[in-house]
Amino acid sequence: MRKLLILVAVLTAVHGALLFVHPSGAAVPPTGDAVDVGIVFDLGGRGDKSFNDGAYIGAERAEKELGVRVRFVEPGESADREAGLRLLAAEGMDLVIGVGFIFTDDLTQLAREYPNTRFAGVDYSVAQDKDGKVIQPPPNLAALKFREEQGSFLVGAIAALVGKSKKVGFVGGMNFPLIHKFEMGYAAGVKSVCPDCEVISQYAGVTPEAFRNPGKGKELALSQYQQGVNVIFHASGSTGLGVFEAARQTGKLAIGVDADQFKEAPGYVLTSMVKRVDNAVFDAIKRVKERHFAGGIYQYGLAEDGVGYVYDANNAKMIPAAVRTRVEALKADIVAGRINVPSTK
Amino acid sequence: MNAVDFLAQTLRIAVPYLLAAGGGVLSERAGLIGLSLEGYMLGGAFCAAVGSYYAGAPWIGVVAAIVGGGLLALLYAVSAIRYKADQVVVGIAINLLAIGLTRFFLRLIFDSSSNSPRVPGFDLKGSGTGFLALAHNPLVWIGVVGIPVIAWVLYRTPFGLRVRAVGEHPAAAASVGVPVVRVRYIAVVLSGMIAGLGGAYLSLDQHQFTDGMTAGRGFIALAAIIFGRWDPMRAGLACLLFAAAETLQIQLQGTQAIPSQFVEMIPYVLTIIALAGIVGRARPPAALGRTTSE
């Protein structure tokens with residue numbers, strides 16, 4: 001008993017002493033002049049070679065070119081996401097960015113709680129009220145959205161023109177409206193150059209797990225290739241790595257998404273529908289730095305160079321010149337508003 | 001779509017289920033809930049990728065997966081048997097631990113939070129996707145032959161008799177000199193090793209580990225064990241049934257004949273039906289989950 005008492009006393013003393021110790025080097029409080037930016041990544045995190053890495057590249061560029069300070073938070077499981085945003089907001093960051101649609105509700109909530117902090121959400125999904133009218137995000141929140149359907153339209157045209165089999169494939173991750181944008185744009189692109197082509201569309205599941213299931217992606221892709229599909233476009237996160245694996249095994253082609261995925265399966269990745277998350281993130285930081293940040297909905301489409309398709313030294317020999325010309329003409333039509341790409345089912 | 005493609009795809013999907021369920025049956029029959037099969041698989045998948053990456057040979061990956069799955073299972077066994085922790089709580093904790101550990105080491109070893117680089121697998125170049133490719137993959141053989149072997153061990157060997165005894169009535173088993181604790185440790189560690197092989201199949205077939213790649217397959221295997229009434233052969237058939245349903249869903253999804261949500265529910269709905277006693281009585285091992293009270 002006496003030992004226990006001594007132990008408690010010692011611990012209490014140590015605890016008291018620690019209250020007066022200031023850790024050095026940790027958590028430098030944000031200062032007035034420099035711009036502090038906090039970024040919370042989505043599932044997948046850094047190294048996903050996709051939009052998290054895109055956000056990272058954009059932020060790094062902002063660090064170099066604009067001299068801002070950036071802090072990254074990589075949440076573990078879903079529960080830490082809101083905590084990560086809240087931590088950054090509470091630390092008085094000038095701009096807090098959530099990467100991924102999954103942050104939508106948390107960002108909206110925090111933007112209301114911290115009206116003096118600026119927020120930005122990549123892929124923020126804008127809600128609609130009963131009459132289909134768009135509900136604007138809070139005034140200190142910028143929704144960075146992409147016109148995925150426009151980029152998907154172009155890769156759809158490429159898939160149909162290069163595939164040559166009247167059947168093209170699509171593998172989606174989670175079956176929900178954000179991914180439907182990819183599917184609908186893609187299907188419209190296919191039909192624009194090949195009206196009698198069939199688009200086989202499949203989804204890996206109905207939960208966010210469907211973005212992390214390469215085994216399922218591979219089986220979906222194999223069954224499509226067996227049905228005579230020659231090119232598959234995936235919009236399914238790391239599930240798509242299974243689609244690439246299936247392409248390797250069958251010697252057929254796949255189209256990457258979000259970032260240039262050529263390196264995942266060199267020779268089997270026809271092109272990639274890229275989302276320039278880096279540009280969107282850089283823009284948002286720049287607006288804060290230049291003191292004209294405003295909330296609202298920002299759309300990044302073909303015209304803004306927010307989406308596009310990859311055509312470079314790696315895949316130029318897989319895309320014939322005639323196809324390239326045709327696709328560039330379609331791109332000009334979309335930018336000029338002559339083609340309206342559908343984005344919903 | 002022809003029958004051969006259908007069967008080949010069913011088998012490809014079934015292999016990880018078969019391995020996880022085969023291991024899980026051993027653990028459950030010894031009285032320890034197989035709630036952490038998902039974690040063993042994930043750990044096995046990661047170790048397989050690391051082993052295959054560094055050794056340049058998939059066989060080393062397989063050995064690493066056995067070790068990795070076995071270690072996680074040992075941790076479960078120590079917590080549940082030695083320290084009498086609640087099996088459900090520890091089981092879930094092991095799954096979370098596997099998620100965290102794989103992500104941590106993925107970052108440490110490969111500097112990515114998402115996936116490993118490409119690693120060697122078992123597939124034969126140009127063997128296509130049919131039975132030839134499957135026959136070339138030893139893990140497929142282990143998965144298919146493993147189930148009858150586990151059934152034989154469980155029903156025809158002294159060790160199997162001891163496993164069943166400690167799962168039904170540990171006190172009675174102890175009174176005739178069965179080393180209850182040791183039998184349970186062995187059964188649980190074996191279950192982790194075998195389930196780890198299921199994970200190895202996933203990552204070696206994919207030629208890389210990706211974060212969270214088991215995607216709930218361990219729970220499907222657990223559902224198969226319950227639906228198969230804790231019998232290895234029946235559990236194996238349940239795995240094949242679930243895999244066939246998934247294949248059907250993949251084949252029919254293009255035609256929108258069945259909403260995919262329904263097919264994803266099948267294993268769990270069947271498990272509830274089995275537990276409710278609609279198709280024969282599903283009676284779990286009497287001492288299942290009760291290591292705390294002994």
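**Entry 1: helices α1 and α11 of chain B**

I looked up how helix α1 (residues 3–29) of chain B lies against helix α11 (residues 232–253) of chain B: their axes come within 8 Å and cross at roughly 145°. Axes here are lines fitted to C-alpha atoms, over the stretch in contact for helices, with angles from 0 to 180 degrees between N-to-C directions. Helices (H or I, at least four residues) and strands (E, at least two) are DSSP runs, numbered from the N terminus.

I then listed the contacts (C-beta atoms, placed from the backbone, within 7 Å). The residues of α1(B) that meet α11(B) include B:F6, B:I13 and B:Y17, and those of α11(B) include B:C239, B:L240 and B:F242.

**Entry 2: basis of the values**

I note that this is a predicted model, in which local features need pLDDT of at least 70 and side-chain atom pairs count only at pLDDT 80 or more, while totals for chains, interfaces and linings use all residues. Residues are numbered from 1 along each chain as its sequence is written, and chains are lettered from A and ligands numbered from 1 in the order in which they are written.

**Entry 3: strand β5 of chain A**

I checked which strands pair with β5(A), pairing requiring at least two DSSP bridges. Strand β4 (residues 118–122) of chain A pairs with β5(A) in the parallel sense over four bridges. Strand β11 (residues 296–300) of chain A also runs parallel to β5(A), joined by five bridges.

I followed A:L144 of β5(A): A:V122 stands opposite A:L144, and in β11(A) the bridge partner of A:L144 is A:Y298.

Note on methods
Two residues are in contact if their C-beta atoms, placed from the backbone, lie within 7 Å.
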